[in-house]
Amino acid sequence: MKAPPHPLSPEVRPLTLRDLAWLTASLAVVIAPHMLRAPWWLTLLTLCLYGWRFYFMLTRAPLPSRWLVVAVAFIGMLGVWMEYRTLFGRQPGVILLMLFSGLKLLESRHHRDGAVAAFLGYFLIVTNLLYTQSIPTALAMCVGVFMITATLVGFSAPQRAPRANLRTAALLLAHAAPAALALFVLFPRVQGPLWGLPQDAYAGMTGLSETMSPGTLSQLALSDAIAFRAEFEGDSPPQPLRYWRGPVLWDFDGRTWTAGIGYLVGFQPPQDGRATYHYSVVLEPHNHYWLFALETAAGLPERSRMTQDGQVLSLSPVRNRLRYDMVSVIDPARDPRESRGTLGRALRLPADYNRRTLALAAEWRAPGGTDVDLLNRGLAFLRQGRFTYTLEPPILGADSVDEFFFDTKAGFCEHFASAFAVLMRAAGVPARVVTGYQGGDLNPVDRIITVRQSDAHAWTEVFLAGRGWVRIDPTAAAMPQRVDAGLARALPQNQALPLLMRPQMEWLRSVRYRWEAVAHKWNVWVLGYNPERQRELMLSLGMRDADWQKLTAVLFTFLGAMTIVLLAWSLRRLARPDPVQKAWQAFCRKLAARGVVRSPHEGPRDYSTRAARALPGSRRPILRIAALYIALRYGGGASKPGTARLKRLVRQLELA
Amino acid sequence: MINALLEKNPRLANWLYGFTPPEQGTVTLVHRRVYIVPTQLGALFVLTLTILLVGSINYSLSLGFALTFLLAGMGIAGMVHTARNLARMAVSVGRAEPVFAGEAAQFRLYLDARAGFDRPAILARHLRSRSQMVVDVPAAGLAEVVLAVPAPRRGWLPLGRVMLETRFPLGIFRAWSYVEPAARCLVYPRPERSALPAPAAESARGALRSPTPGNDDYAGLRTYQLSDSPRHVAWKAVARSEDMLTKQFTGEASAELWLDWARLAPQLPLEQRLSRLAGWVLEAERSGVHYGLRLPGVEIAPGRGDAQRAACLQALALYEDR
């Protein structure tokens with residue numbers, strides 16, 4: 001006999017309108033974030049494919065032939081290729097996946113295809129995480145997972161009310177949470193990547209770069225994006241001391257400063273210093289090597305090196321949020337020695353640029369003062385020059401320093417730093433430009449300093465004989481309030497500031513502080529949970545050298561225990577038998593012990609009558625119990641006191 | 001291969017699957033009897049999770065890990081839920097109406113949720129006949145399953161083994177359990193259509209009673225009595241009045257008819273004899289005569305009506321040649 005098709009098998013259960021509606025709705029939810037990034041025509045094409053599938057469902061027309069689907073896929077891929085000139089890489093890959101969700105839907109006839117499309121939905125959720133992993137993204141992810149799960153539940157219970165299916169999906173996710181948490185914490189983590197990533201994997205990260213030309217930092221300063229957060233043990237340093245050292249720029253071509261080649265040196269912690277700060281930094285990925293530290297770094301985090309000009313560099317580009325611990329001292333004793341080659345590099349200037357500045361420096365140098373005199377003269381020049389500090393500096397030509405000093409007299413910190421370094425070099429004082437961040441916002445909620453791109457800053461260092469490299473902030477010299485009070489106070493009132501830096505946005509800022517405190521915890525504990533953090537956590541839980549074998553053992557023990565608890569929970573509500581029934585069974589056992597066994601067909605009335613006849617000594621209690629049982633079981637329903645009485649009577653029954 | 005092994009060793013299969021001899025009364029599917037394995041879709045789900053995990057490692061996606069692990073936890077929870085969908089459900093059987101050999105016996109199974117939650121999409125499949133049905137069992141309620149089991153031979157037809165299966169809620173696991181409630185259906189011999197035998201001389205004892213109530217000619221209405229066949233109730237008249245009324249007929253046949261084993265040709269095989277007798281019973285009942293049945297060792301006194309018919313057919317169904 002040929003077996004009829006298995007009615008629970010997903011291969012034979014056709015996709016109904018309801019199934020399709022759920023599937024499409026959940027796919028629409030998960031592709032929504034991608035729609036903002038994909039080219040408009042691809043979004044439209046995908047939505048058309050969804051709509052087309054509905055058309056087939058409503059008209060009950062046979063689905064399009066495989067060839068047509070392949071043709072649409074080909075056209076879509078051609079379009080993606082025209083748009084990106086490649087089919088691989090993150091962005092084209094993700095939007096192709098979005099297109100395939102529509103194509104899969106178009107060829108879905110049965111629940112099996114539907115389930116595959118639903119699993120594809122899980123992929124689409126994960127691909128969105130390549131772009132953002134913030135708390136709102138996590139919430140959106142939960143909605144997507146919930147919808148897809150409800151869709152799958154709907155597949156396996158097509159006759160059930162959607163509300164009940166939603167409840168089941170919610171229950172499933174709630175039951176999944178403990179296991180998910182255990183897996184998240186205990187699953188042995190491996191540091192990625194396992195293989196090469198596409199070229200564009202790290203596109204679109206903002207931050208400082210290895211070069212600086214007029215306008216670089218003032219552009220960056222318009223961004224509210226977070227550069228890093230620092231959490232200090234104890235007090236945090238006051239605003240004027242918060243110079244976060246980044247790339248040091250040596251080479252100037254007349255317009256642009258570049259970092260050039262850096263030399264790694266063995267790290268020697270600086271001596272003395274006014275104050276020591278211990279803190280941890282959570283650095284946003286910026287796809288470069290440098291790590292930011294408060295000047296002057298007195299310790300090196302793991303997997304990092306120091307260059308001879310005092311930059312802390314990671315061993316690999318920072319492509320994921322990175323957390324590291326740092327120690328810094330303020331104003332340590334500096335090494336007064338420097339190699340001739342380095343000093344020569346710090347004096348080099350392009351010949352035919354900025355002639356007016358060169359002439360001015362030559363004029364200063366003529367009387368033959370010390371380097372300190374020249375430095376003071378330069379600072380005085382900045383202070384008295386009536387310079388304007390602005391986020392919208394005028395565009396400068398080839399002789400950018402000349403134009404800034406003598407014509408426009410308006411600029412952002414990179415103009416001040418660049419021009420001052422050129423002036424010093426021209427006067428014969430070795431100088432270099434340091435970029436980084438200055439200041440940062442102290443969150444009163446969790447005492448964490450948030451440094452944004454808008455805090456980007458550039459200053460200079462000059463080499464003074466006998467004192468070594470000394471930090472000189474030309475911006476601070478010209479505009480003392482920039483460093484003391486931050487960017488917002490230093491700029492004229494009418495300038496367009498990043499929204500959150502505007503003073504009148506006080507209340508908004510307090511909300512933002514709270515939110516950022518939460519977001520910071522999220523970054524550290526959820527997004528920043530990596531192999532290192534896992535080791536730290538295990539150590540703090542008393543598990544030394546937690547290798548993958550130990551972690552796996554603990555994990556499986558936990559998962560096993562959790563499954564048993566879950567199973568016990570689900571059976572608990574079933575295991576409890578009806579107390580009335582239980583009492584009755586106890587009664588039957590008592591009678592059976594005296595030889596009056598109830599036969600399966602015998603109802604309570606017949607049985608008790610027979611028992612009363614067989615045991616005339618206990619006639620009354622037997623009949624009473626039976627009458628009560630009948631009333632409780634078949635009457636108006638069991639009441640609490642009635643049940644208690646039945647239990648008592650059965651317990652007290654002494655068969656004569 | 002495993003199936004072949006189990007077929008050869010029924011005791012091994014019994015032990016492995018928890019097969020039990022037919023059970024009286026209500027059978028509860030204790031969790032020891034519920035088996036569970038992943039489905040093909042489950043394998044696909046695991047594949048999906050693996051890809052998600054590798055992707056999360058490669059791109060260091062913390063939320064990707066979170067999603068992967070949430071789905072993994074959901075898989076485990078799904079397993080428990082699938083097992084729960086069957087666990088501790090109670091199965092009882094209803095009465096199966098007798099059928100003639102060659103027809104299908106309609107066995108009724110009642111699935112009692114015995115739980116505060118509903119148990120959707122439960123497949124009941126009769127293993128021998130592959131007859132199957134999917135039902136949703138409501139919370140704290142019953143669902144009826146009707147399994148049509150072919151009845152090829154007369155006699156008692158035992159229900160046999162029934163598999164209950166579910167893949168709810170995610171379809172990535174299938175849980176199943178075997179039950180064999182002690183239920184049987186009476187199968188009458190396949191009736192053979194043939195003309196009624198002429199009343200024998202000795203069977204004409206009641207010929208004087210006249211007019212005999214019969215099925216042939218409509219004779220009027222009288223009030224309903226409990227023993228009346230529902231086929232004779234004057235439903236149109238009932239609809240008009242409050243009282244149940246029965247149509248009365250008078251039969252022409254006045255004699256008692258004995259359907260006698262001994263009057264069949266001796267060379268006729270046993271089953272054919274019984275078939276012919278069963279055919280006669282039906283014919284006699286239709287024609288409205290009083291009829292009795294005589295088999296070796298069995299004699300059913302003449303009578304008519306549904307009870308008489310059932311008694312005669314049962315005797316034929318259970319007749320054993322000695």
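**A charged pair and its setting**

Mentor: R286(B) has a relative accessibility of 46% and therefore counts as partly exposed. Please bear in mind throughout that this is a predicted model.

The partner of R286(B) is E283(B): their side chains form a salt bridge, with 2.8 Å from N to O. E283(B) has a relative accessible area of 25%, so it too is classed as partly exposed. Both residues belong to helix α6 of chain B, which covers residues 270–287, and they stand three residues apart, or about one turn of the helix. Elsewhere, salt bridges with shared partners connect R245(A), E295(A), R432(A), E461(A) and R471(A) in one network. In general terms, side chains of opposite charge can pair when their charged atoms come close.

The C-alpha atoms of R432(A) and P474(A) lie 12 Å apart, although 42 residues separate the two in sequence. P474(A) is placed in helix α14 of chain A, residues 474–478. Its relative accessible area is 0%, so P474(A) is buried. Setting aside the neighbours within four places in sequence, P474(A) touches L382(A), F416(A), A417(A), F420(A), W459(A) and T460(A).

Another joins E144(B) to R108(B), whose closest N and O atoms are 3.3 Å apart. This pair links distant parts of the chain, since E144(B) sits in strand β8 (residues 142–150) of chain B and R108(B) in strand β5 (residues 104–112) of chain B, 36 residues away. With a relative accessibility of 35%, E144(B) is partly exposed. R108(B), at 30%, is also partly exposed.

We may now turn to where the two chains meet. Contact involves 71 residues of chain A and 59 residues of chain B. The size of an interface is often given as the accessible area lost when the parts come together. Here the area buried between chain A and chain B is about 5,700 Å², and carbon and sulfur atoms contribute 75% of that area. How many salt bridges does the rule find across this interface? There is one. In this salt bridge D118(B) pairs with R160(A), and the closest N and O atoms are 2.7 Å apart. On the side of chain A that touches chain B, at least two residues come from each of α5 (111–128), α6 (135–156), α7 (162–186), α17 (506–527) and α19 (548–575). That side comprises 50 nonpolar, 16 polar and five charged residues.

Helix α19 of chain A holds F558(A). With a relative accessibility of 37%, F558(A) is counted as partly exposed. Its C-alpha atom is 9.3 Å from that of L183(A), a residue 375 places away along the chain. Leaving out neighbours within four places in sequence, F558(A) is in contact with P178(A) and A182(A).

Finally, a word on cysteines. A disulfide is a covalent bond between the sulfur atoms of two cysteines. The rule counts zero disulfides over all chains. C185(B), for instance, is in no disulfide, and the nearest cysteine sulfur, which belongs to C312(B), lies 18 Å away. The cut-off for a disulfide is 2.5 Å between sulfur atoms. C185(B) has a relative accessible area of 0% and so is buried, whereas C48(A), at 46%, is partly exposed.

Key:
Residues are numbered from 1 along each chain as its sequence is written. Chains are lettered from A and ligands numbered from 1 in the order in which they are written. This is a predicted model: local features need pLDDT of at least 70, side-chain atom pairs count only at pLDDT 80 or more; totals for chains, interfaces and linings use all residues. Side-chain values use heavy atoms; hydrogens and water are left out. Contact means heavy atoms within 4.5 Å. Buried area is the accessible area (1.4 Å probe) that two parts lose on being put together, summed over both. A salt bridge is a side-chain nitrogen of Lys or Arg within 4 Å of a carboxyl oxygen of Asp or Glu. Helices (H or I, at least four residues) and strands (E, at least two) are DSSP runs, numbered from the N terminus. Ala, Val, Leu, Ile, Met, Phe, Trp, Tyr, Cys and Pro count as nonpolar, Asp, Glu, Lys and Arg as charged, and the others, Gly among them, as polar. Buried means under 20% relative accessible area, exposed over 50%, partly exposed in between (1.4 Å probe, protein chains only).
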